[in-house]
Amino acid sequence: MDIEKRKYPIGKFVKPTTITNYMIKMWISDISTFPKRLLSVVENLTDVQLDTPYRPDGWTIRQVIHHCADSHMNSLTRLKLALTENQPTIKPYYEERWAELFDTKNMPIEPSLKMISGIHERWVVLLNNLTEDQYARTFINPEHGKTFRVDENIGVYAWHCNHHLAHIIGTIQRNSWG
């Protein structure tokens with residue numbers, strides 16, 4: 001299999017020219033259902049399976065799960081900053097370094113699954129109650145050297161959920177574990 005396909009099994013996020021309310025609803029739905037979709041594919045995996053990389057030189061399934069907890073925690077914080085400050089510059093973090101920390105490489109996945117569930121529950125309540133003006137609020141991400149609108153970032157994180165879920169499902173399928 002092409003390494004690029006393993007890296008981006010659903011392709012890279014492409015920002016739509018126009019973001020519609022329908023798109024936002026679909027994206028929020030993806031974010032809302034992610035914790036249950038993730039749990040349903042990982043709940044019966046063994047430690048050996050969890051410690052299997054999704055691609056050569058890639059993260060293990062365990063690291064991907066912990067990464068989602070870390071990333072989505074940061075995204076909720078960024079959203080709250082964008083909603084409460086005037087175009088804040090958010091603090092980037094080195095996700096590749098976080099993925100190498102002891103907790104990410106070695107801990108059971110249950111604490112991160114609980115985090116994801118709680119983060120998503122709060123995140124979705126907030127997302128479902130944003131106004132049009134709030135969708136247009138922005139934050140600056142110096143890591144990417146660009147300004148993101150809240151509505152665009154909702155799309156990015158719906159993609160992020162589906163992207164990492166596809167990594168895990170692809171690994172399960174390739175190894176005939178399911």
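Colleague: In the hairpin of S1 and S2, which residue takes a positive phi?
Modeller: Gly-145 does, with a phi near 60°. That hairpin has 4 residues between its strands. Keep in mind that this is a predicted model.

Colleague: How do S1 and S2 pair, parallel or antiparallel?
Modeller: They pair in the antiparallel sense, over 4 bridges. One detail: Asn-141 has Lys-146, in S2, as its bridge partner.

Colleague: Which residues are linked with Lys-146 in a network of salt bridges?
Modeller: Lys-15 and Glu-152. The side chains of Glu-152 and Lys-15 meet at 3.8 Å, N to O. Glu-152 lies in helix H9 and Lys-15 in the loop between H1 and H2, so the pair ties together parts that are 137 residues apart in sequence.

Colleague: Is Glu-152 buried or exposed?
Modeller: Buried, at a relative accessible area of 3%. Lys-15 counts as partly exposed, at 43%.

Colleague: How many salt bridges does a search of the whole structure find?
Modeller: It finds 6. One of them joins Asp-47 and Arg-62, with the closest N and O atoms 3.0 Å apart. Asp-47 sits in helix H3 and Arg-62 in helix H4, so this pair ties together parts 15 residues apart in sequence.

Colleague: And Arg-62, buried or exposed?
Modeller: Arg-62 counts as buried, at 4% relative accessibility.

Colleague: Which residue forms a salt bridge with Glu-100?
Modeller: Lys-105, with the closest N and O atoms 2.9 Å apart. Glu-100 is partly exposed, at 46%. Lys-105 is partly exposed, at 36%.

Colleague: New topic. What volume does the largest pocket have?
Modeller: About 900 Å³. It has 30 lining residues, and the closest to its centre are Tyr-8, Glu-95, His-144, Trp-159 and His-160.

Colleague: Which element gives the most to that lining of the largest pocket?
Modeller: H9, with 9 residues. Others that supply at least two include helix H4, helix H5 and both strands, S1 and S2.

Colleague: How do the residues of that lining divide into nonpolar, polar and charged?
Modeller: There are 10 nonpolar, 10 polar and 10 charged.

Colleague: What about the volume of the second largest pocket?
Modeller: That one is about 210 Å³. Helices H2 and H7 are the elements that give two or more residues to its lining. H7 gives the largest share, 5 residues.

Colleague: Which residues line the second largest pocket?
Modeller: Among them are Ser-32, Pro-35, Leu-113 and His-120. The lining divides into 4 nonpolar, 3 polar and 2 charged residues.

Notes
Residues numbered from 1 in each chain as written. Predicted model: local features only at pLDDT ≥ 70, side-chain atom pairs only at ≥ 80, totals over all residues. Heavy atoms only, no water. 1 Å grid on protein atoms, 1.4 Å probe; cavity = no way out; pocket = protein on both sides within 12 Å on 5 of 7 lines; lining within 4 Å. Points joined across faces, edges and corners; volume = space filled by probe spheres on them. Nonpolar A, V, L, I, M, F, W, Y, C, P; charged D, E, K, R; others polar. Pairing = 2+ DSSP bridges. Salt bridge = Lys/Arg side-chain N within 4 Å of Asp/Glu carboxyl O. Buried < 20%, exposed > 50% of the residue type's maximum accessible area, 1.4 Å probe, protein only.
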